[in-house]
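Have the sequence and the 3D view open side by side as you read.

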Amino acid sequence: MSKIGVTLIGLGPMGQAMVRKLLANDHAVTVWNRTASRADALVAEGATRAADVGAALAANNVVILSLTDYQAMYDILGTATDALAGKVVVNLSSDTPARTREAATWLAGHGAELLTGGVMVPAELVGEEGAYVFYSGSRAIFDKYAPVLGVIGRPDYVGEDIALAQLYYQAQLDIFLTSLSAYLHATALLNSAGVSAESFRPYAEDNFRSMGMYLGEAAKQIDTGKHPGDLASVVMMGATADHIVGASEDAGIDTGLPLAVKAHYDRAIEAGHGADSWTSLIERIKRP
Ligand code: NDP
């Protein structure tokens, strides 16, 4: 039995990587992109170029979108709404949960069903070992298309709520972007004393590696709402947060990030949680 065909709209680095993996796994792929020349190499490798958006939608029942944001979806699909009825639109573009919900309603109004996804690897790792993608929306639709979606990366279904995959994606990038800024800030602190990034690197790597160790106990405390501060209290950690601000001021570097961290501790102490574990900060984060 031949494998199902897929339409892929949006040929940035991510879309191009997906097309190549799908072709390599014997799926027929129809492509369309606003800047048509971005399809040239893919067509030479076996993809079919759709003449317009309507033809791209007509070619297959499942249509994957890899676009900058959800506005791009309206700009593209809005030109061919008559061709949307009966289609499954798998939108792997990043945006907010609210815009994702609006998109589901808009597509449903045209007879199409939305499945959302968040790709958790850079384009060069699409379809490689360890690549995974969060999906949410209809379980039945997900199950039907999981085999082909699995070509992009391990498909991890997170729930019926259409915005949930988007939220998982943003949560992972919340950790990623904040950690990268923390790493840069820490490096700037050492640079101020003439220490190179390379000298610091083994210690920073060790720090990133060991970070996961704390999460088992932290998740338990957060989920139970009990935050015993026997090992790392808010007062103790807050004093350190204060010292990082002071060290940054002394070094003359940006204090925005350490001040934001210190504010969490200050507010927890003001609220009478100084003896609790650092995990109790989550209550201040939930109620700013
Ligand atoms: P790009 O921004 O490079 O490409 C986006 C695509 O969207 C292009 O095909 C572009 O068309 C199209 N597009 C943007 N705006 C419009 C519009 N108004 N009308 C029509 N087409 C439009 O993004 P990537 O390929 O890097 O990423 C795609 C998605 O995947 C993003 O949501 C990104 O957050 C996500 N992602 C990307 C990762 C990466 O490493 N690149 C990693 C994980 C997720 P055109 O070619 O004509 O400009």
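The report below goes from the overall layout to the ligand and then to a few single residues.

**Ground rules**

This is a predicted model, in which local features need pLDDT of at least 70 and side-chain atom pairs count only at pLDDT 80 or more, while totals for chains, interfaces and linings use all residues. Residues are numbered from 1 along each chain as its sequence is written, and side-chain values use heavy atoms, with hydrogens and water left out.

**Overall layout**

Let us start with the whole protein. The C-alpha trace spans about 60 × 40 × 35 Å along its principal axes. The protein has 12 helices and 8 strands; these are DSSP runs numbered from the N terminus, with helices (H or I) of at least four residues and strands (E) of at least two.

Two domains make up the division of the protein: domain 1 covers 6–160 and domain 2 covers 192–286. Their bounds come from an automatic or database domain assignment. Taken over C-alpha atoms, the centres of domain 1 and domain 2 are 39 Å apart.

The protein has 288 residues, and 41% of them count as buried. Here buried means under 20% relative accessible area, exposed means over 50%, and partly exposed is in between (1.4 Å probe, protein chains only). The accessible surface comes to about 15,200 Å², and carbon and sulfur atoms own 57% of it. Such areas come from the Shrake-Rupley method with a 1.4 Å probe, and for residues only the protein chains shown count as cover.

A contact means heavy atoms within 4.5 Å. Among the contacts with a separation of 6 or more, 61% join residues 24 or more positions apart.

**Around the ligand**

What surrounds the ligand? The shell holds 23 residues, and the closest are Asn-33, Thr-35, Arg-38, Leu-67 and Ser-94. By class, the shell has 12 nonpolar, 8 polar and 3 charged residues. In this scheme Ala, Val, Leu, Ile, Met, Phe, Trp, Tyr, Cys and Pro are nonpolar, Asp, Glu, Lys and Arg are charged, and the others, Gly among them, are polar.

| Residue | Part holding the N or O atom | Distance to a ligand oxygen atom |
|---|---|---|
| Pro-13 | backbone | 3.2 Å |
| Thr-35 | side chain | 2.5 Å |
| Leu-67 | backbone | 2.8 Å |

Taken alone, the ligand exposes 900 Å², and the protein buries 76% of that. Helix H1 (13–24) and helix H4 (70–77) are the elements that give two or more residues to the shell. H4 provides the largest share, 3 residues.

**Loop residues between E2 and H2**

Arg-38, one of the closest residues to the ligand, is found in the loop between strand E2 (29–32) and helix H2 (40–44). Its relative accessible area is 40%, so Arg-38 is partly exposed. Leaving aside neighbours within four places in sequence, Arg-38 is in contact with Leu-11, Gly-12, Pro-13, Gln-16 and Asn-33.

Most residues other than glycine have a negative phi. Asp-26 is not a glycine, yet its phi is positive, about 70 degrees. Asp-26 lies in the loop between H1 and E2 and counts as exposed, at 59% relative accessibility.

**Two buried residues**

Buried or exposed: which is Ser-233? Ser-233 is buried, because its relative accessible area is 16%. It sits in the loop between helix H9 (215–224) and helix H10 (234–251). The side chain of Ser-233 reaches the backbone nitrogen of Met-236 at 3.1 Å.

Lys-262, in helix H11 (residues 256–270), is also buried, with a relative accessible area of 17%. Not counting residues up to four places away in sequence, Lys-262 touches Ala-241, Asp-242 and Val-245.

How values were computed:
Near = heavy atom within 4 Å. Polar contact = N/O pair within 3.5 Å; in protein donor to acceptor, adjacent residues only side chain to side chain.
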